[in-house]
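Welcome to a short tour of a protein model. Take a moment to look at the sequence and turn the structure around before reading on.

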Amino acid sequence: MNEVARKPIGRFVPLIVFAALVAFFVIGLVWNQTHDARFVPSPLIDKPAPEFRLPRLEQPTQFVTKADLLGKPYLINVFASWCFACGDEHPTLMAYRDKFGLPLIGYDYKDAPQDARAWLDRHGNPYHEVITDQSGDTAINFGVYGAPETYLIDAEGVIRYKHIGPLTPDVIAKELEPKIRALEQAGT
Amino acid sequence: MKRLLIVILVAFALALSAAAFAIDPLPFKDNAQRDRFQHLTRELRCMVCQDESLLASNADFAKQLRRQIFDMMQQGKSDKEIKDWLVARYSTFILYDPPLAPSTIALWFGTPVILLAGGIVVVVLLRRRTRPARTLAEDLGDDW
């Protein structure tokens with residue numbers, strides 16, 4: 001019968017379907033292992049940073065605005081004294097503050113100024129400037145949803161890179177440093 | 001006895017209604033605005049605790065965004081304007097109802113396509129089986 005010639009291939013159809021299902025599950029598992037669902041890509045990358053006007057931690061009557069910082073690239077690091085992961089990140093910032101080659105601005109997020117001051121006194125201050133956002137309203141315009149977060153902003157005030165979670169030497173070497181070098185290349 | 005039962009029921013109903021508004025006391029203009037607020041925030045994701053809506057979450061982040069959404073409503077902003085404002089800051093990830101976009105095509109059409117393919121397979125198999133009675137017996141014996 002000519003049926004016999006056709007049948008062997010038909011027999012493998014369930015196996016092929018099963019293998020396809022297994023492949024989907026494996027892809028899903030691996031993807032979940034390698035991607036942290038908490039880290040959502042920011043839609044603000046390559047967009048102008050939001051306008052802000054925030055008081056300095058040390059002189060609360062003085063304000064720092066976005067316009068004040070235009071002209072050269074800078075880093076903004078969102079931190080808070082209540083933020084546990086910020087403590088993990090802190091030694092890295094101390095070690096790298098002078099290696100970035102650009103100003104590192106501390107953004108004290110939803111924090112009492114005296115708590116932030118005490119925290120920086122105790123651990124050391126890695127920042128060239130610290131601004132405070134007690135209400136957290138400005139932070140929403142930056143898309144902040146969990147400290148620590150780090151932004152690289154270029155001389156024109158455009159957000160070039162954002163990292164959510166603690167900066168590590170690995171992240172700095174693989175992601176942040178190349179972005180900073182790229183800005184330097186473009187600037188010269 | 002009957003009166004006691006009514007008192008208990010009324011007390012219970014009051015307790016329940018109090019719980020429903022316990023999250024934060026926002027001064028809504030009227031019930032319609034409150035309903036609109038609850039409907040809107042139920043469709044939005046709390047970015048910090050991602051399996052909760054902005055309406056349900058007690059996280060600081062959710063409280064703050066609820067306050068901002070409330071303020072925007074008082075300014076007469078539409079639901080769409082509020083959602084656009086949020087998406088500009090937190091990406092479409094904040095929407096529980098994902099918009100149709102190139103990155104969500106598989107999400108929107110994947111299931112119907114797979115269902116359709118499965119349906120076609122079933123129809124083809126049934127057709128083949130019901131043709132002549134002789135083949136049916138063979139198919140049953142050989143394939144399954």
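How many residues lie between S6(A) and S7(A) in their hairpin? There are five residues between the two strands, and A:Gly157 in the turn has a positive phi of about 85°.

Before we go further, a word on the ground rules. This is a predicted model, in which local features need pLDDT of at least 70 and side-chain atom pairs count only at pLDDT 80 or more, while totals for chains, interfaces and linings use all residues. Residues are numbered from 1 along each chain as its sequence is written, and chains are lettered from A and ligands numbered from 1 in the order in which they are written.

**The overall picture**

Chain A contains six helices and seven strands (DSSP runs numbered from the N terminus, with at least four residues of H or I for a helix and at least two of E for a strand). Starting at the N terminus, the order of elements is α-β-β-α-β-α-β-α-β-α-β-β-α. The C-alpha trace spans about 95 × 40 × 30 Å along its principal axes. Chain A has a radius of gyration of 24 Å, whereas a compact globule of 188 residues would have one near 16 Å (taken over C-alpha atoms, with the globule rule being 2.2 Å times the number of residues to the power 0.38).

**The sheet and its hairpin**

Five strands of chain A form an open sheet with mixed pairing, in the order S5-S4-S3-S6-S7. Strands S5 (129–133) and S7 (159–164) of chain A are at the edges with a single partner strand each, so one side of each has no neighbour in the sheet. On average, neighbouring strands are turned by 20° against each other, direction ignored (axes are lines fitted to C-alpha atoms, for helices over the stretch in contact, and angles run from 0 to 180 degrees between N-to-C directions).

Two of the bridge partners are listed here.

| Residue | Bridge partner in S7(A) |
|---|---|
| A:Leu152 | A:Tyr161 |
| A:Tyr151 | A:Lys162 |

Helix H6 (residues 169–187) of chain A lies across S6 and S7 of chain A, at about 170° to S7(A). A:Ala173 belongs to this helix H6. Is A:Ala173 buried or exposed? A:Ala173 is exposed, because 10 other C-beta atoms lie within 10 Å (20 or more means buried, 12 or fewer exposed, and in between partly exposed, with C-beta atoms placed from the backbone). The C-alpha atoms of A:Ala173 and A:Lys162 are 14 Å apart.

**A loop residue and the core**

A:Asp46 sits in the loop between helix H1 (3–34) and strand S1 (53–55) of chain A. A:Asp46 is exposed, with 11 other C-beta atoms within 10 Å. A:Asp46 touches A:Val158 and A:Arg160, leaving aside residues up to four places away in sequence (contact means C-beta atoms, placed from the backbone, within 7 Å). Although A:Asp46 and A:Asp154 are 108 residues apart in sequence, their C-alpha atoms are 9.6 Å apart in space.

Of the residues of chain A, 31% count as buried. The largest nonpolar core has 45 residues, and A:Val78, A:Phe79 and A:Tyr109 have the most contacts inside it (such a core is a set of buried Ala, Val, Leu, Ile, Met, Phe, Trp, Tyr and Cys residues joined through C-beta atoms within 7 Å).

Key
Two strands pair if DSSP finds at least two bridges between them. Two residues are in contact if their C-beta atoms, placed from the backbone, lie within 7 Å.
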